[in-house]
Amino acid sequence: MINIKSINFVLLLFTCFQLAGQNTIGGAAVKVPEAEVNRQSRFIDAERERLLGHFDKALEGYKQFLYENPDNGAAWYGLARTYTSLKDLVNALDAIAKAVTLEPDNEWYLTYQADLYEQTGQVKDAVRIYENLTKRFPQTTEFLERLAYLAVLAGDPQTGLKTLDRLEKLTGVTEETADKKHLIYVGMGEIKKAAAELQKLADTYPHELQYRHHLAEFYERNGDPNAARKVYEDILRHDPDDPVAKLAVMQKTGSDETYLQSLKPLFQDPGVSIDAKVKEILPYFSKLEGNAAPGLVQALLDLGQLVEKTHPDDAKAWSLSGDLFYYANRQEEALARYRTCIKLKPNVYSVWENALSILAEQKNYDELLQLAEKAMDDFPNQASAYYYYGMAATEKGNPDYAIAQLEQANLIAGNNLALRLDITDQIGLALLRKKDFNGAVARYEQVLGKGGDKHAGILEHLGDALFQAGERNKALEYWQKAQKIAPNPGLEQKISTGKL
């Protein structure tokens, strides 16, 4: 953005220099030589063009001025800024170096030179400049902040930490300095020291409980639940009603169902973060996959629905509830929640994949086609989105386009053998819809030695292709192999009748 005040200032100077070349010294009017007026006006012209964004004109103006006035540091500085605006950093560095040589104590020139060094990857040179600046101006916090940042960027975290210690002596413990030191220690793998910085911040501001929450969450992320629990207990000493801390320290008593029922008041509290609620429920998903007791299933579903009501605009809420219904094998209710979640634009693909799998199972190919197309747009690197699109396109009577998307899925799938086999199975089905029976046979036979001989779908559909190609005995052989892996009534009928 152009600085209008700066432009007005330059224009004012320009006007003053044009007024008869006159100045006043000691109360007496003194005539300024015309050459001096012209010299100053040329510099002001260049400055004005730069501020107006006319960089080519500014460049020419500075060059003309400097040709006659090579010892003017301000002009070299203006030229450096102009070169920077023109993306010519090599010449910008050369120009600012000349300005610094002429005025080595000018902090503006030095900081600009450091910025250019950083932009061109010469970070150690930028560090050197700020080391000198912090010695000259030890009370200037901005210089200390830049030195700490650049030192870490240059691969010298120890200097960064020492600089932040110097800054802390000036400012006291602040959230900014504590967080920066914490992140440096995390990067160094010094977990205890990283935690100590958060603890120091929490102790400095005992009534700011969010700092203690950050500390507890850090302990949890780093696999120290006992330390996290102690912090949560400390939070409750300050605020006995803190909902997140209450949830964190709640002791499990009785059955799973009883414990989950006891969580309902906290799940109804919007002050408890959705992440904390998800963390409580995650361990129970594995129990839903078996023959879970109806009471346990219902308790989990109730908690999922409470999350929906408490956080209705959060995609995570609907994802969590949808997953609970999905693993409880209540597909239609799961799908309804996934639809809501997708409208809220989740950034996790698993929601889309589960919804696509439900639609495929329901043979709802109209919606499957539409949702898969959206998934391909939002997650272009997810092979299963292309797979489901290909499936729907085949069923909607467009096998050629289906094959194109399935081939793309095959490329993206990489080393995911199970998915690659599913994709191959679907390509074969598309070829069958095109009545390219020999093509389908060839495609299936290519993967028999690569896991296809253990894939019930490939074996069954290879049998279908062989039957259509007139090889009924071989078809029966593959149908029987498929039946041993995954028996189903359709296969049994093909085997018993010897035909499709």
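Author: The largest pocket is lined by 17 residues, and those nearest its centre are Ala-360, Lys-363, Tyr-365, Tyr-387 and Met-391. This is a predicted model, in which local features need pLDDT of at least 70 and side-chain atom pairs count only at pLDDT 80 or more, while totals for chains, interfaces and linings use all residues. Residues are numbered from 1 along each chain as its sequence is written, and side-chain values use heavy atoms, with hydrogens and water left out.

Reader: What makes a set of points a pocket, and what volume does the largest pocket have?

Author: On a 1 Å grid over the protein atoms alone, a pocket is an open set of points with protein on both sides within 12 Å along at least five of seven lines, whereas in a cavity a 1.4 Å probe fits but cannot get out; a residue counts as lining if it has an atom within 4 Å of a point. Grid points are joined across faces, edges and corners, and the volume is the space filled by probe spheres set on the points. On that basis the largest pocket has a volume of about 420 Å³. Helices α22, α24, α26 and α28 (456–468) each supply at least two residues of its lining.

Reader: How do the residues lining the largest pocket divide by class?

Author: Ala, Val, Leu, Ile, Met, Phe, Trp, Tyr, Cys and Pro count as nonpolar, Asp, Glu, Lys and Arg as charged, and the others, Gly among them, as polar. By that rule the lining of the largest pocket has six nonpolar, five polar and six charged residues.

Reader: Why is α24 called mostly covered, and what covers its buried residues?

Author: A residue is buried under 20% relative accessible area, exposed over 50%, and partly exposed in between, with a 1.4 Å probe and protein chains only. Twelve of the 13 residues of α24 are buried, including Tyr-387 and Met-391. Their cover includes α22 (349–362), α23 (365–378), α25 (399–413) and α26 (417–433), where contact means heavy atoms within 4.5 Å.

Reader: Why is Lys-363 called exposed, and where is Lys-363 found?

Author: Lys-363 has a relative accessibility of 58% and therefore counts as exposed. Lys-363 is found in the loop between α22 and α23, and has a positive phi of about 60 degrees although it is not a glycine.

Reader: What makes Lys-316 and Asp-275 a salt bridge?

Author: A salt bridge needs a side-chain nitrogen of Lys or Arg within 4 Å of a carboxyl oxygen of Asp or Glu, and the side chains of Lys-316 and Asp-275 meet at 2.7 Å, N to O. This pair links distant parts of the chain, with Lys-316 in helix α20 (residues 315–327) and Asp-275 in helix α17 (residues 274–281), 41 residues apart. Lys-316, at 42% relative accessibility, counts as partly exposed, and so does Asp-275 at 44%. Lys-316 and Asp-275 are also among the residues that line the second largest pocket, which has a volume of about 240 Å³ and takes the most from α20, with five residues.

Reader: How do you know that Arg-50 and Glu-47 are paired, and are they buried or exposed?

Author: The closest N and O atoms of Arg-50 and Glu-47 are 3.6 Å apart, and the pair forms a salt bridge. Both residues lie in helix α2 (residues 34–51), three residues apart, about one turn of the helix. Arg-50, with a relative accessible area of 13%, is buried, and Glu-47 counts as buried at 17%.

Reader: How many salt bridges does the rule give?

Author: The count comes to 34 salt bridges. One of them joins Asp-400 and Lys-434, whose closest N and O atoms are 2.7 Å apart. Asp-400 lies in helix α25 and Lys-434 in the loop between α26 and α27 (437–446), so this pair ties together parts that are 34 residues apart in sequence.

How values were computed: Helices (H or I, at least four residues) and strands (E, at least two) are DSSP runs, numbered from the N terminus.
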